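I opened a new notebook page for this one.

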Amino acid sequence: MTDVQITIVGAGAVGHALAYELSKTLDDIVVVDPHPNVHKMDELTVQTTHNSGVIHAGIYYDRADRPFKARLCPQGNAKLYAFCQEHDVPHRKTGKLVVATEAWQLEYLADVKRVADENGVPGVEWLHTEDEIRRFEPNVQGIAALHVPTSGIIDPVEYLKKLHNLSDSTGRVSFVYGSRVTDIHPVSSGFQVTTHTQGQGQETFETRFLINAAGLHADEVMKMLDAESPHSIRPTPGESAKFYRKRDGIEMTGMNVYPAPYVHDPNGEVLSIPLSEARERVKAGEAFYTLGVHLTPTLGDEKGGYTKDPEGAYLLDKTVTVGPAKNKYSDTKDPELLKGDYQSLQRQPSYYHQRVHSFFPGLEEKDVELHQVGVMATIKGYPDWVITSDRNHPACVHLVGIDSPGLTGSLAIAEHVKRQYFP
Ligand SMILES: Cc1cc2nc3c(=O)[nH]c(=O)nc-3n(C[C@H](O)[C@H](O)[C@H](O)COP(=O)(O)OP(=O)(O)OC[C@H]3O[C@@H](n4cnc5c(N)ncnc54)[C@H](O)[C@@H]3O)c2cc1C
């Protein structure tokens, strides 16, 4: 491979969004990824192909401890809708309900509202009665809820393919599939990058700038340049299930429906405790915050394609996903094994049924089928994304721990990197 100006390590949503954004004004960009081809992405197991497909509004990320997510999720939300509209990517602004079914959850909802307002998320409103909730989703029950109009869903694989085609068509980006970056050395003109390609062996080339967008492996790529880097990824597998809206009691108008967020103990048991106590326990590492197992509609038609309604909105499929649920073993298993574990569907249908029963009582255990596993690139003990230049080599930018809502944030992340490091 010949020497280049900019190398992006990783061709997930973030690597692709970077290629798309940078290629608007810059040239000579290469994207390297071990996977065979973007058009086979739906067969692959990376975060971008195995997630909930929710376009998040940005209501959960407190700017005190998650400043990047607080800013770039709402920005990314608006950018993603605009991109999908302009380039006809299957998506839908479904809106979302965050539902409290018991009195102790109300202060958790109030906290979500506070964060949403601080983050400038538009239109978030209280629904104070079950009647108000049922006006949006007739089969959802609760004592209060937040209505979040800017939440939605997207087909992540179609999004990725569109980013790929747009970047490719500029003639400024080359995609090198089937190659893994195995080593990086600083040199006077930038970096010497070594790649390994199956069947072809090793190759080296030089690049002036380097961007590490390697998802679950971004910590390893960071350590190729900075062995003392403090950031390690603790992969978090999220399993999910699904059901079909095949009878009245489980029919939905098509919104994202989440419980009020809560904390759980290390065994996954919900802790019905005051928010102040929950915060203390999370700080002490005794409890873990979660958005909860939620209901997410999917896009599509019966023929496996997409259809639009007369107003041009993409129609929903009958399938609703339920999840994600954390693996039981995810805190104890070797992180390197977890990074590749997309097979272990450990939770049973009864688990999902129990988790959503309080706010979606019509669902029965027999309606629930297991669906998929996705593995999230979470940084142990650090709730935000790390987006930073390398401590010793400022021509390299690392993006580490790009967990949820990284799909939503991808275009805003790319714009941030461009402004900050490639002005
Ligand atoms: C279960 C689950 C549910 C989620 N739900 C949502 C949601 O509803 N909404 C939302 O906004 N976000 C969600 N997310 C998060 C979202 O999927 C990710 O934040 C986003 O996809 C991150 O994209 P990425 O490009 O950083 O990482 P990835 O998609 O993981 O891509 C990284 C790429 O880097 C490549 N790579 C790795 N190592 C190397 C190397 N050495 N050399 C070259 N290439 C390398 C990999 O092959 C991969 O293709 C969810 C994630 C999970 C797991």
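How many of the five residues of strand β7 are buried? I counted five of the five in β7 (residues 144-148), so the strand is largely enclosed by the rest of the structure. My cut-offs: buried is under 20% relative accessible area, exposed is over 50%, and partly exposed lies in between, with a 1.4 Å probe and protein chains only. Strands are DSSP runs of E with at least two residues, helices are runs of H or I with at least four, and both are numbered from the N terminus.

Before going on, I note that this is a predicted model: local features need pLDDT of at least 70, side-chain atom pairs count only at pLDDT 80 or more, and totals for chains, interfaces and linings use all residues. Residues are numbered from 1 along each chain as its sequence is written, and side-chain values use heavy atoms, with hydrogens and water left out.

**Strand β7.** In a regular strand the side chains alternate between the two faces of the sheet. I checked both faces of β7, and both are covered. Ala-144, Leu-146 and Val-148 are buried on one side. Ala-145 and His-147 are buried on the other.

Next I looked up the partners. Two strands pair if DSSP finds at least two bridges between them. Strand β5 (residues 96-100) pairs with β7 in the antiparallel sense, over five bridges. There, Val-98 stands opposite Leu-146. Strand β6 (residues 125-127) also runs antiparallel to β7, joined by three bridges. Glu-125 stands opposite His-147.

**Rings.** I took rings of Phe, Tyr and Trp (its six-membered ring) as paired if their centres lie within 6.5 Å; planes under 30 degrees apart are stacked, over 60 edge-to-face, and the rest tilted. The count comes to ten aromatic pairs. One of them is Phe-243 with Phe-360, tilted, at 5.7 Å centre to centre and 35° between the planes. This pair links distant parts of the chain, 117 residues apart. Phe-243 is in strand β13 (residues 236-244), and Phe-360 is in the loop between α9 (349-357) and β20 (369-376). Both are buried.

Tyr-306 and Tyr-314 have ring centres 5.9 Å apart and planes at 90°, so I logged them as edge-to-face. Tyr-306 is partly exposed at 33% relative accessible area. Tyr-314 is buried at 7%. Ring pairs also link Tyr-20, Phe-83 and Tyr-159 into a cluster.

**Charges over rings.** My rule was NZ of Lys or CZ of Arg within 6 Å of the ring centre and within 35 degrees of the ring normal. Lys-93 has its charged end over the ring of Tyr-81, 4.6 Å from the centre. Arg-347 has its charged end over the ring of Tyr-351, 4.2 Å from the centre.
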